[in-house]
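Have a look at the sequence and the structure first, then read on.

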Amino acid sequence: MKSTLLNMTAVLFGITLVASAGVGVVNMITEEPIAAAKEAATKAALTEVLPAFDATTPEVLTIDEMPITVYTATKDGAVSGYAVQSMTKQGFGGVVRLMVGFTPGGEVVNVNVLEQTETPGLGTKMADEGNVLLRSVQGQKLEDKKLVDGKLAVTKDGGDVDALTAATISSRAYVDAINRAWMAYKSVASGEAPTDVASGATATAGAAAGQTSEPAAQEGGQNE
């Protein structure tokens, strides 16, 4: 068959149609397993950060134009704790998501890192069991901490949360996400509308994130 613009266009259109259909089929096949995996991960995180519970009720808040989900946990009909799926956009690699558990009285039960793309061996240590960031808040009421403008802050910013070695920006991001979780917990527990989180630590992290990339100092430790 003689090659013409018309039949070449028809062939190209046919190839594109088949490829698009293939992508659609793959998406349909994988969509349900991916959703199931995310649900399982969320349930596992809830178990790790909450006291014993029978059921949870989710509520989505918007803080700093970000969706923050608060799970109110109950046992035998009474509130046993709150788990907050929080986030920040101030990480070395971008978004960091945490699940932070609180007792009804406001003590931090545990913090589970759900998502992070920080520097391996440095910022990634925020996900290690018993890391310095977690030790600075676990088992404590955050209002009893050394606050800066009413918010948690790393020691370098005037607070008392110990930062990861050579990963100040990642540490600030972790604290920023916890501050947002704390605000969401207080809102749901008290019934008051949440307010946006604004702190010196957040502003500092935001300025750093506005650069084209995080300084190499994060790896070399000079930003400490």
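**Aromatic cluster and sheet**

Tyr82, Phe102 and Tyr185 come together as one aromatic cluster. Keep in mind that this is a predicted model. The notes below start with the rings, then move on to the sheet and the helix across it.

**The ring pairs**

- There are two aromatic pairs in the structure.
- In one of them, the ring centres of Tyr82 and Tyr185 are 5.4 Å apart and the planes sit at 65 degrees, so this pair counts as edge-to-face; the cut-off for that label is over 60 degrees.
- Tyr82 belongs to strand β3 (residues 78-91) and Tyr185 to helix α3 (residues 168-190), so their pairing ties together parts 103 residues apart in sequence.
- The rings of Phe102 and Tyr185 have centres 4.7 Å apart and planes at 10 degrees, so here the pair is stacked; that label needs planes under 30 degrees apart.
- Phe102 is in strand β4 (residues 94-102) while Tyr185 is in helix α3, so this pair links parts that lie 83 residues apart in sequence.

**Buried or exposed?**

- Tyr82 has a relative accessible area of 8%, so it's buried, given that the cut-off is under 20%.
- Tyr185 also comes out as buried, with 8% relative accessibility.
- Phe102 is buried, as is Tyr185.

**A charge over a ring**

- Lys186 places its charged end over the ring of Trp182, 4.0 Å from the ring centre.

**The sheet**

- Five strands make up an open sheet in the order β1-β2-β3-β4-β5, and their pairing is antiparallel.
- The edges are β1 (55-63) and β5 (108-115); each has a single partner strand, so one side of each has no neighbour in the sheet.
- On average, neighbouring strands in this sheet are turned by 20 degrees against each other, ignoring direction.
- Strand β2 (residues 66-75) runs antiparallel to β3, and seven bridges join the two.
- Lys75 is found opposite Ala78 in β3.

**The helix across the sheet**

- Which strands does α3 lie across? Helix α3 lies across β1, β2, β3, β4 and β5.
- Against β3, helix α3 runs at about 145 degrees.

Conventions:
Residues numbered from 1 in each chain as written. Predicted model: local features only at pLDDT ≥ 70, side-chain atom pairs only at ≥ 80, totals over all residues. Heavy atoms only, no water. Phe/Tyr/Trp six-rings, centres within 6.5 Å; stacked < 30°, edge-to-face > 60°. Helix = DSSP H or I, 4+ residues; strand = E, 2+ residues; numbered from the N terminus. Buried < 20%, exposed > 50% of the residue type's maximum accessible area, 1.4 Å probe, protein only. Lys NZ or Arg CZ within 6 Å of the ring centre and 35° of its normal. Pairing = 2+ DSSP bridges. Axes fitted to C-alpha atoms, helices over the stretch in contact; angles between N-to-C directions. Contact = heavy atoms within 4.5 Å.
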